[in-house]
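Trainee: I'd like to learn how to read a structure like this one, feature by feature. Could you take me through it?

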Amino acid sequence: MAKTKTFEEQLTELDGIVKKLEGGGVSLDESLALFEQGVKLTKSCQKILDESEKKVKVLMSEDGEMVEKDFIAQQND
Amino acid sequence: MEKPKRRLVTVSQVNDYIKRILDNNTALGDIWVRGEISNYKRHSSGHLYITLKDKGGVLKAVMFKSAAAALTFEPEDGMEVIAHGRVSVYEAGGVYQLYIEDMQREGVGRLYEEYEKLKKQLAAEGLFDEPKKTIPRFPRAIGVATATTGAAVKDIINVVTRRYPAAKIIIYPTLVQGAGAKESIKNAIEYFNREQNVDTLIVGRGGGSIEDLWAFNEEIVARAIYASQIPVISAVGHETDFTIADFVADLRAPTPSVAAERAVPDSHELKAGLDVTLTRLESAMGKKIESGRLVLKRFRMRTPKDKIEEYYLRLDGFSKRMEHALAMKTSENKKSLTAAASKLDALSPLKTLTRGYAIPVRGDGSVIRGVADVKSGDEFSLRLRDGARDCIVK
């Protein structure tokens, strides 16, 4: 499940790009490549933060194994 | 009429007689008495004087200094205790009393004693020591060991989904009080450690009495938390409740809601930060392009018109690509000429024009400026107006 970079890894990479781009000593072509990668990462991170898909699971015992099921909060208490 | 014969005895004899009766009684020689402490007094001699009472009456008691030294708690009026000793007579006072040899707290008091004892023991073993594990800043999944009913689980879910919906929540239904609770909590912690499917664990429950929270004072729970490879946040009861689990955990939260807050970052803050990052990227890139334009302006007089046009077009191309990436307008930025010149070797017309329309560029994007920059066999890319060709130096 971790074939894509983790959120943390993306933020770290983004930080490096901003520093490099602001730092100078980088050719114009490389700057543009960094810039494009930076924008791509920013948008990817924003997308991750906007994920609103229901991700609350509860474990239930099934045939001796713990299996994840969608969790529905009980109303009665 | 004759007067009945009276047996005349002294006070001492009466007392002595009663004392002998009591002292000869096996049961009274070794009894455990449950009662409530009242009129507690610690005499300057070190002896303790207590009146034990229950609904039916009172029993005077004394605990001598030597016996009192072994007490694990300080007696107080109102405390329920079990006092062990013998009943005899204090002749000088004309009373019978319980001579206490040892005493322990009963009921809730006993729980407090056990708590203190275990706390001391585990502290000595180092279970409460630093360094604690740091709580991961961006957890991909959070494990929650608590009851599926009650406010605690709802609070945790609400806070996490509001603050950081990117995180997955996996709940391990746990008994949080009564029989089986300590094993249930231990099992939950061990499950997540076995499966390695979460980055952080929240272990806890809502408020309750000391008996309700007792499972979190149990040794096997403490040891399970200590053994956990995954960082553990404890969230037991209310602000003022401290259980042994709280001391062992990597982070103690006063309530389940706070535990959830500490487990995840705030998405709104992160997004605001990303907006700032985008602005910085845009600003830095815009500055570089503007620098290019300024350098070209400077060299306009000394450069053939069509070549200057070429480079302006190229810069425009960069701008367009930037706009495309951002889907918004580029910003105008001024920059000093000297700084600009040093950054734009690649575009310097004077250097590239001697070679006509082509710019030789190394693999890392830096420009080859002179014959000394390359040797035979070096590979480079020749940037032409409409693309590039790979070349090798002869």
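Trainee: How many residues apart are Asp16(B) and Arg20(B) in helix H1 of chain B?

Mentor: They are 4 residues apart in that helix, so about one helical turn separates them. Helices are DSSP runs of H or I with at least four residues, strands are E runs of at least two, and both are numbered from the N terminus. The side chains of Asp16(B) and Arg20(B) meet in a salt bridge at 3.2 Å, N to O. That term means a side-chain nitrogen of Lys or Arg within 4 Å of a carboxyl oxygen of Asp or Glu.

Mentor: Keep the ground rules in mind: this is a predicted model, where local features need pLDDT of at least 70, side-chain atom pairs count only at pLDDT 80 or more, and totals for chains, interfaces and linings use all residues. Residues are numbered from 1 along each chain as its sequence is written, chains are lettered from A and ligands numbered from 1 in the order in which they are written, and side-chain values use heavy atoms, with hydrogens and water left out.

Trainee: Which residues are joined into one network by salt bridges that share partners?

Mentor: Those are Glu125(B), Glu219(B) and Arg223(B). Over all chains, the structure holds 21 salt bridges. One of them pairs Glu68(A) with Lys168(B) at 2.9 Å, N to O. Glu68(A) sits in strand E2 of chain A and Lys168(B) in strand E7 (residues 168–173) of chain B, so this pair joins two chains. Glu68(A) is partly exposed at 32%, and Lys168(B) is partly exposed at 25%.

Trainee: Back to helix H1 of chain B, then. Which residues make the nonpolar surface patch of about 440 Å²?

Mentor: Val9(B), Val14(B), Tyr17(B), Ile18(B) and Ile21(B) make it. Patches take residues with over 30% relative accessible area and no salt bridge; like charges are joined within 9 Å, and nonpolar side chains (Val, Leu, Ile, Met, Phe, Trp, Tyr) within 5 Å. The areas come from the Shrake-Rupley method with a 1.4 Å probe, and for residues only the protein chains shown count as cover. Tyr17(B) lies in helix H1 (residues 11–24), and Tyr17(B) counts as exposed because its relative accessibility is 51%.

Trainee: And the inside? What tends to happen to nonpolar side chains in soluble globular proteins?

Mentor: They tend to be buried together. Here, the largest nonpolar core has 55 residues, and those touching the most other members include Phe35(A), Ile142(B), Ile171(B) and Leu281(B). A nonpolar core is a set of buried Ala, Val, Leu, Ile, Met, Phe, Trp, Tyr and Cys residues joined through side-chain atoms within 4.5 Å. Apart from that core lies another, of 38 residues, among them Leu127(B), Leu213(B), Val221(B) and Ala249(B).

Trainee: Which residues does Ile171(B) touch?

Mentor: Contact means heavy atoms within 4.5 Å. Not counting residues up to four places away in sequence, Ile171(B) touches residues including Val56(A), Leu59(A), Phe71(A), Val144(B) and Ile157(B). Look at Ile17(A) too, in helix H1 (residues 7–23) of chain A: Ile17(A) is buried, at 6% relative accessible area. Beyond its neighbours within four places, Ile17(A) is in contact with Leu34(A), Gln37(A), Gly38(A), Leu41(A) and Leu281(B).

Trainee: What does the side chain of Asn217(B) reach?

Mentor: The backbone nitrogen of Ile244(B), at 2.8 Å. Asn217(B) is in the loop between strand E8 (200–205) and helix H7 (219–227) of chain B, and counts as buried at 5% relative accessibility.

Trainee: Finally, backbone geometry. Where is the cis peptide bond?

Mentor: Between Glu130(B) and Pro131(B), with omega about 0 degrees. Pro131(B) lies in the loop between helix H4 (108–125) and strand E6 (141–146) of chain B. Check phi as well: Asp63(A) is not a glycine, yet has a positive phi of about 55 degrees. Asp63(A) lies in the loop between strand E1 (56–62) and strand E2 (65–70) of chain A, and is exposed at 82%.

How values were computed
Buried < 20%, exposed > 50% of the residue type's maximum accessible area, 1.4 Å probe, protein only. Polar contact = N/O pair within 3.5 Å; in protein donor to acceptor, adjacent residues only side chain to side chain.
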